[in-house]
Amino acid sequence: MCDFYAPILASNGVYKYYIDGEWKESASGKSVAISNPSTRETAYQVQACTQDEVNKMFASAKVAQKAWARTPLYKRAEVLHKVASLMRENAQPIADCLVKEVAKPTKDSLTEVIRSADLIDYTAEEAVRYLGEGQLLNSDSFPGNARNKLCLVSKVPLGVVLAIPPFNYPVNLAVSKLAPALMAGNAVVLKPPTQGAVAGIHMVQCFHAAGLPAGLLSVATGRGAEIGDFLTTHPDVNCISFTGGDTGIAIAKKAGMVPLQMELGGKDVCIVCEDADLDLAAKHIIKGGFSYSGQRCTAVKLVLVHAAVADRLVAAVAAGVAKLSVGRPEDDADITPVVSDSSANFIEGLAMDAKAKGAKFVNGEWRREGNLIWPLLLDNVTADMRLAWEEPFGPVLPVMRVGSVDEAVAHCNKSKYGLQGCVFTRDINAAIRISDAMETGTVQVNSAPARGPDHFPFQGFRDSGIGSQGIRNSLAMMVKTKSTVINLDKESYTMG
Ligand SMILES: NC(=O)C1=CN([C@@H]2O[C@H](COP(=O)(O)OP(=O)(O)OC[C@H]3O[C@@H](n4cnc5c(N)ncnc54)[C@H](OP(=O)(O)O)[C@@H]3O)[C@@H](O)[C@H]2O)C=CC1
Ligand SMILES: O=C(O)[C@H](O)COP(=O)(O)O
């Protein structure tokens with residue numbers, strides 16, 4: 001291990017947790033094993049933090065936040081820019097962890113780290129402008145009022161933000177919470193996903209080395225099932241920013257009076273109209289459905305194609321699927337093992353349910369070795385199959401044939417999810433009408449769903465989330481509004 005990252009690893013080979021500006025071993029004496037999805041052997045171990053350690057994190061965070069809120073915005077930005085440049089300089093070891101912990105292909109792993117550094121820089125730049133702006137309201141615009149009150153509106157920190165990212169983007173979806181929260185003057189307690197925790201720990205070392213004040217950022221490692229409730233119901237939490245699956249719904253129910261930024265699951269549909277450019281649609285469906293083996297909340301998870309062009313579309317997609325390489329993330333294969341045995345079992349269950357109910361496996365039989373699942377295109381999927389509604393989070397793509405666009409939109413809107421969707425058509429007027437009719441946070445026209453670029457607003461309707469992400473929107477979610485009203489002794493009119 002290089003000198004830069006040496007402080008994060010204990011002599012017994014277990015990665016340390018972070019508190020008060022120091023890397024430490026937990027008093028629990030217990031560790032949590034992180035399995036390499038490719039080998040299914042333990043790749044790393046992290047500390048199982050205790051409740052007492054979590055209490056101390058919140059206590060330090062509260063103190064550090066007060067001092068940070070008094071730190072000029074441009075100085076906060078300087079620290080964040082330094083974090084970004086340290087991440088770029090020390091990117092490869094973080095990317096290597098992503099390969100081992102979450103089986104992300106090597107190129108995509110490095111891209112995630114660089115994208116995260118870019119996100120931090122952009123957030124720092126955006127924050128100095130956006131957070132630097134307030135509002136002045138005059139009382140005389142409301143009936144019955146003279147101009148004797150001036151309302152000064154500013155954006156103030158929330159306090160301590162609990163950040164919980166998921167396994168599939170453990171670095172990018174961590175910094176997309178950390179950077180806006182910190183720029184807005186908050187402290188953060190980060191609970192990284194267990195798969196992805198070591199990448200997260202490496203990333204936090206960049207914040208440490210950049211000189212982030214002690215206590216402002218802590219890292220609580222441990223299984224969500226064990227320390228999750230303690231964290232999310234902690235009385236010192238002032239905001240929860242969570243990305244993940246249905247766990248988020250349970251968290252929202254328990255959270256109480258704190259603002260929530262929740263980005264949850266998706267069942268993103270791809271509507272292919274009769275007039276679509278089918279080659280273009282097929283290209284995007286393959287990339288959207290199978291990149292990172294379908295483990296993206298924004299993956300295409302159901303194709304709804306007009307029956308008149310379905311044969312041609314399915315043939316074009318099947319031809320592309322046949323070209324996908326299957327193998328190890330180290331070799332940059334297109335399809336790599338999914339994150340866990342339980343995930344692979346779940347995906348297999350969905351595929352077998354569809355098969356039993358009459359779906360056609362277009363490109364050969366079901367094939368799985370360990371957590372490695374060969375990409376599967378399913379045709380003739382119908383509404384009684386689980387795959388019509390559930391999120392596989394794997395390299396399995398169902399196609400439903402529909403008789404009309406209205407039928408496709410109705411299916412989309414019946415889903416409990418409403419994250420993104422996309423439509424392929426050559427008619428811009430139809431595209432706008434379909435987009436307006438689809439009840440999802442984003443609709444992409446002639447491209448697959450995607451969260452990025454990271455400054456675009458990103459939000460889910462229904463069970464897909466609460467609030468919005470995207471750099472400007474995340475900054476907005478990390479502040480509350482504060483007004484100071486100046487009551488003049490008598491009314492005063494400018495130039496009057
Ligand atoms: N809309 C969006 O922006 C995105 C949504 N997702 C969704 O995330 C899911 C896949 O990610 P995955 O990591 O498996 O999601 P999970 O919901 O299983 O886990 C997300 C995070 O929550 C933690 N966690 C687990 N249990 C609790 C608990 N009781 N209290 C607090 N935290 C807890 C996990 O920790 P641990 O790992 O220790 O269990 C992890 O850090 C998919 O459904 C996907 O659609 C993913 C990315 C983006
Ligand atoms: O977790 C996810 O799926 C990400 O939010 C997707 O990001 P992307 O669409 O930009 O790859």
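Modeller: Let's start with glutamate 112, which pairs with lysine 104 in a salt bridge (a side-chain nitrogen of Lys or Arg within 4 Å of a carboxyl oxygen of Asp or Glu), and their closest N and O atoms are 2.6 Å apart. Bear in mind that this is a predicted model, where local features need pLDDT of at least 70, side-chain atom pairs count only at pLDDT 80 or more, and totals for chains, interfaces and linings use all residues; side-chain values use heavy atoms, without hydrogens or water. Residues are numbered from 1 along each chain as its sequence is written, with chains lettered from A and ligands numbered from 1 in the order written.

Glutamate 112 counts as buried because its relative accessibility is 3%, and lysine 104 is buried because it also comes out at 3%. (Buried is under 20% relative accessible area, exposed over 50%, partly exposed in between, with a 1.4 Å probe and protein chains only.) Aspartate 454 and arginine 451 are both buried too, and their side chains form a salt bridge at 3.7 Å, N to O.

Now for lysine 62, which has a salt bridge to aspartate 236 with the closest N and O atoms 3.2 Å apart. That pair ties together distant parts of the chain, 174 residues apart: lysine 62 is in helix H1 (residues 51-69), while aspartate 236 is in the loop between helix H7 (224-232) and strand E10 (239-243). Those elements are DSSP runs numbered from the N terminus: helices are H or I with at least four residues, strands E with at least two. Lysine 62 counts as partly exposed because its relative accessibility is 42%.

Elsewhere, Arg88, Asp118 and Asp121 are linked in a salt-bridge network, and lysine 416 bridges to aspartate 246 at 3.0 Å between the closest N and O atoms. The whole count by this rule is 23 salt bridges, and four of these cross the interface of domain 1 and domain 2.

On to the domains themselves: domain 1 covers 3-264 + 464-481 and domain 2 covers 269-457, with bounds from an automatic or database assignment. Together the domains bury about 2,400 Å², 51% of it on carbon and sulfur atoms; that is accessible area (1.4 Å probe) lost on putting the two parts together, summed over both. On the domain 1 side, Arg40, Phe167 and Ser464 lose the most area to domain 2, together 21% of what that side buries.
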